[in-house]
Amino acid sequence: MKSPLISIIIPVYNTEGTLARCVDSALAQTYDNCEVVIVDDGTPDNAGAIADDYASRYDNMRVVHKQNAGLAEARRSGVNEAKGDYIIHLDSDDTMLPDAVEYLLSKCKEHNLDIAYGNYIRINEDGKKNEVCFPDDSMILTGEEFMMYNIKPVGICANWGCLAKRELWLNDSIYPPSDTKLPSEDILINIKISKFVEKVGLFNHPVCYYYYNSQSLSITGSLSQLDKWKQYFSIIETELKSRNLFKKYESIFLCMKIESMAFYYNGLDTSDPWVKSIIKDKRFKLPPKSRLLQFLIQYPRLWEFLRDTKRRIFN
């Protein structure tokens, strides 16, 4: 039987300094039936030319050049270009461990999975490494359980670091709106894609090196625009209600809102009615961490000082 073709999709934007190590890691996979699709998302630097140079030297590599439209749309363009049976996304400032594809594909086959995740190793700006793990060494989730896992503030299920059946990514309904940049688009996609999966596996076997960047949008708070967060949570609420799951997970959804406001938002306007509804919601018995954060974000300056001090010490 012919081995499945795996498509490694690498969106590129302003990463000329890291693209070579990323592409080299994709080419170094122990599983040999892979293709690499690089998507130049209108990058203003030399990364597009670097990608073209690689593609001229490797028969299993192609480059798509397009106007800038954001990460989710770049991934969609890569999926449309891909020919593989499975898709794995790789950010162009990160790298894959050599056995990533081989390991994840073996788990897909062993457990008949739609998506298989590995964990990752975070590399700080000072070079220090820290392995980020799932709560259990091996977790097999239903589609609904995977959706709930993404609503819980555990923060490990990105769209990279996993191998997924290509047909899942061909469904246009899983993508966020293309006309705006929303926070945590990976989570939005996972919540929507969960509707179409039967089994997802999470395994504590490192498959990626994630290079921490203190200047990224999520870390610097560059996405601190309240209207975008309102749109983001409105999309999730609409999705849950369409599946008759909102009431079942409403308390977890509230925790998600609290933690997002606490860790990703700067200058929170506590007089805004929508923000007030989050801060003042006492209907549920929340976990201690969420309850404490709900209290602290009432005092944005104090909380941001405590949060940013912790980041400076530990990052």
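Asn244 sits in the loop that runs between helices H9 and H10, where helices (H or I, at least four residues) and strands (E, at least two) are DSSP runs numbered from the N terminus. Although Asn244 is not a glycine, its phi is positive, at about 55°. With a relative accessible area of 71%, Asn244 is exposed; in this scale buried means under 20% relative accessible area, exposed over 50%, and partly exposed in between, with a 1.4 Å probe and protein chains only. The model is predicted, so that local features need pLDDT of at least 70 and side-chain atom pairs count only at pLDDT 80 or more, while totals for chains, interfaces and linings use all residues. Residues are numbered from 1 along each chain as its sequence is written, and side-chain values use heavy atoms, with hydrogens and water left out.

Asn14 counts as partly exposed, at 45% relative accessibility. As background, most residues other than glycine have a negative phi. The loop between strand E1 (6–12) and helix H1 (19–27) also holds Thr18, which is buried, with a relative accessible area of 17%. Leaving aside residues up to four places away in sequence, Thr18 touches Ser92 and Asp93, contact being defined as heavy atoms within 4.5 Å.

Helix H7 (residues 185–193) is mostly covered, since nine of its nine residues are buried.

H10 is itself mostly covered, with twelve of its 15 residues buried, including Ile252, Phe253, Leu254, Cys255 and Met256. The expected span of a helix is 1.5 Å times one less than its number of residues; for the 15 residues of H10 this gives 21 Å, which agrees with end C-alpha atoms that are 21 Å apart.

## Salt bridges

A search of the whole structure finds 21 salt bridges, each being a side-chain nitrogen of Lys or Arg within 4 Å of a carboxyl oxygen of Asp or Glu. One of them joins the side chains of Asp41 and Lys66 at 3.0 Å, N to O. Asp41 lies in strand E2 (residues 34–41) and Lys66 in strand E3 (residues 61–66), so this pair ties together parts that are 25 residues apart in sequence. Asp41 and Lys66 are both buried.

Arg75 takes part in two of the pairs described here. Its side chain meets that of Asp91 in a salt bridge of 3.0 Å, N to O; because Asp91 lies in the loop between strand E4 (86–89) and strand E5 (95–96) and Arg75 in helix H3, the pair ties together parts that are 16 residues apart in sequence. Arg75 also forms a salt bridge with Asp186, the closest N and O atoms being 2.8 Å apart. Asp186 lies in helix H7 and Arg75 in helix H3, so here the parts tied together are 111 residues apart in sequence. Asp186 is buried, with a relative accessible area of 15%, and Arg75 counts as buried at 1% relative accessibility. Elsewhere, salt bridges that share partners join Lys247, Glu250, Asp281 and Arg283 into one network.

## Strand E8 and its partner

Strand E8 (residues 138–141) has a covered face made of Met139 and Leu141, and an uncovered one made of Ser138 and Ile140. E8 pairs with strand E10 (residues 200–211) in the antiparallel sense over four bridges, pairing being assigned if DSSP finds at least two bridges between two strands. For Ile140, the bridge partner in E10 is Gly201.

## A nonpolar surface patch

Leu292, Phe295, Tyr299, Leu302, Phe305 and Leu306 form a nonpolar patch on the surface, with about 610 Å² of accessible area together. Areas come from the Shrake-Rupley method with a 1.4 Å probe, and for residues only the protein chains shown count as cover. Patches are made of residues with over 30% relative accessible area and no salt bridge, like charges being joined within 9 Å and nonpolar side chains (Val, Leu, Ile, Met, Phe, Trp, Tyr) within 5 Å.

Helix H12 (288–296) and helix H13 (300–314) each supply at least two residues of the patch, and the largest share, three residues, comes from H13. Phe295 lies in H12 and is partly exposed, with a relative accessible area of 45%.
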